[in-house]
Structures are given as C-alpha cells and as structure tokens.
Amino acid sequence: MRIRFHARWDLEYDKIFVKAFSSGVGNDTFDVEYDRPGLEGIWERFDDADVGIVIGVKGTCGAVVESYRRRGAVGMMIDKGYIRQSPDNYWSLNLNSMRPTAYAFLEDKPGDRLAKLNFTLCPLRKNGNQVVIFALSPKGFRCYDGGIPIDRLPTREEIERCIQRQLSYFQSASDVLLKYTQRPLFYRPRGAKEVDRFEHLQVTRIDPFKESIQESLAGAWCAVCHTSNAGVNALLAGIPVIELGSGVTAPVSSTSLGDVERCKVPTEGERQRWLRQLSYVQWTVAEIASGEAWRHMRPVVESLRAKS
C-alpha cells in the first residue's frame, strides 16, 4: 500500500507527524509531498497513492481528502482528539471525512484504550433548562460545506459566503427550535467575526472568549451541534445532544430539532460503548510512531477501499 503525506513545509506539527508515520507504517510504502513557499497548502500529486494524509481542516485539506475518496482511494485527516481531558495529546485519524462517524461505531471495542484516558464522566443529567447551540468553526464549516478548490486557497469572498451560509443555517435552526420549545436559547459561536454578526432577537449570544464550553453547558437542558466537538463535551457532562451533522455523537444523540423536549438520553451502557469506540479513533504521536495506530487503521482503510 502506498501512503503519501501532504505536508506543510513551514509547520512543526507536520514534521512531527511525517516522522511518526514514516516509522509507523511498517512495510507499506511511504513518501511525502511538501508544499512550496508561497503556495502553502497547495499540493499536486494525488493520483498514484492509496492513502493521502493531511493535517487539520485548514486550506485545501478537505478537498484533498475528498479527491482521494472520489477515486476509490482513502484520504486521512488528522485533527485534535475527541476526548481532550487527558494529559496526553491525542489526535484523531479520520478516514474519507472530517469525522469517522460512518465506520467507527459499527462494532464494539475493548476497553483497554479507554482505560488509558484520564477524564471525568459525569452522571446523566436530569435537570437544566437552556438549549445551547454550538457552532462549528468557520474553517470546519467550509470543509463540511464543500466547494473548496484543490488547486488554490479560497478567496476572501468565498470564505465570506461560507460564513454567511453558516450564520443563516444556525439562524434557521433557532427558528425551528422556537417552534418546539419555550426554553431559553443560547448560541455559542467559534471565531471573533461570528460573535458580532449572529443576530436573532430570541437567542442570547455567548462570548466564547469570556466563557469556556464547560461554563456554557452549566445550565443546559441539551446541546445542539453540527459536527462540533462540543457535543462530546456535553455527553461527558451528562447532557443530551441533538447532532445535526455527521459528528461523532450521532450514535448516542437525537438528530432532529423537533426532539428538543424529548432528547435521546443514552443509557450508561450505551455511553460506555460509544466511549470505547471513540477511544479507537484517537492516538498519540508515540502510538503512531510505534505502529500501533496503523495496525488498527490499516484494516479499516482496506475495508473502505474495497467498498469504493
């Protein structure tokens, strides 16, 4: 199997992951394509590798992953881990999407990796009154929204149109929620631009620079998310989630705004199973370098290629 890492020449994290994967993929062929100064985030070689790796949702990374998927190969997007309370830095390895929801929750997993994580799991909450809407980051929404060019970075106008679509999406979601509940609605944006630009007379805006996610959840009845990792924070805090996209909370969450007064509350067994599965999509750099991560991910890659 040929693996190609599309790396930024100027970013230290890219160099760290290139070194880790070059050590960890065993007998598989591994090479690197670096972008060039002045063309950061632009690559050209996509046609002859079975797996293409990028880091994060910045620039054209989403388009790179999609280009691999469309031709029957597999794109891997490295992003921050989902359970982030552990002192070790965990990184999620997501295949053919910015989230692994399509394949990661099909079967149960052992509890060995979950036992390594140091995090607080709160009892399932039965009170709270606020409905808190968590926006995806602007760059994450661009990746989900699609239409990102692969041969150039998006223009300011394209970014602005995407931000407007995101604002419109959550304004419309707020209108729908108001049809089903009289609970107070709160909106927590990602990014300074949105703090000032989200406008809805019946929704209170939260300033993310003054209040942590945990503080925003303090009085929550439920969290409404679209592929945001805030949904993971909510479920760890024992708060039900309405997941509107392909976020990793979807298997244990409601997926319709109409369920706001009867949100799915996972059983403790369901939440533990979900956490075991989630622990198998996030890895440390040391686990990637040792080959442990690739030994687990390689059969998943082969399965995805066989289905394409």
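This is a predicted model: local features need pLDDT of at least 70, side-chain atom pairs count only at pLDDT 80 or more; totals for chains, interfaces and linings use all residues.
A residue counts as buried when its relative accessible area is under 20%. E6 spans residues 130-134, and four of its five residues are buried, so the strand is largely enclosed by the rest of the structure.

Part of the picture around E6 comes from its strand partners. Strand E9 (residues 220-225) runs parallel to E6 and is joined to it by five bridges. Within this pairing, Gln130 has Ala220 of E9 as its bridge partner. Strand E7 (residues 185-188) also runs parallel to E6, this time with four bridges. Here Val132 stands opposite Phe186 of E7.

Arg142 sits in helix H5, which covers residues 138-145. Its relative accessible area is 16%, and because anything under 20% counts as buried, Arg142 falls in that class. Between the C-alpha atoms of Arg142 and Glu215 there is a separation of 27 Å, with the two residues 73 positions apart along the chain.

Arg84, for its part, lies in the loop that links strand E4 (74-80) to strand E5 (91-95). At 48% relative accessible area, Arg84 is partly exposed; the value is not over 50%, so Arg84 does not count as exposed. On the surface, Arg84 belongs to a patch of positive charge, where it gathers with Lys80, Lys139 and Arg190.

Definitions and conventions:
Residues are numbered from 1 along each chain as its sequence is written. Side-chain values use heavy atoms; hydrogens and water are left out. Helices (H or I, at least four residues) and strands (E, at least two) are DSSP runs, numbered from the N terminus. Buried means under 20% relative accessible area, exposed over 50%, partly exposed in between (1.4 Å probe, protein chains only). Patches are made of residues with over 30% relative accessible area and no salt bridge: like charges are joined within 9 Å, nonpolar side chains (Val, Leu, Ile, Met, Phe, Trp, Tyr) within 5 Å. Accessible areas come from the Shrake-Rupley method with a 1.4 Å probe; for residues, only the protein chains shown count as cover. A salt bridge is a side-chain nitrogen of Lys or Arg within 4 Å of a carboxyl oxygen of Asp or Glu. Lys and Arg count as positive and Asp and Glu as negative; His and the chain ends are not counted. The place of a charge is taken as NZ of Lys, CZ of Arg, CG of Asp or CD of Glu. Two strands pair if DSSP finds at least two bridges between them.
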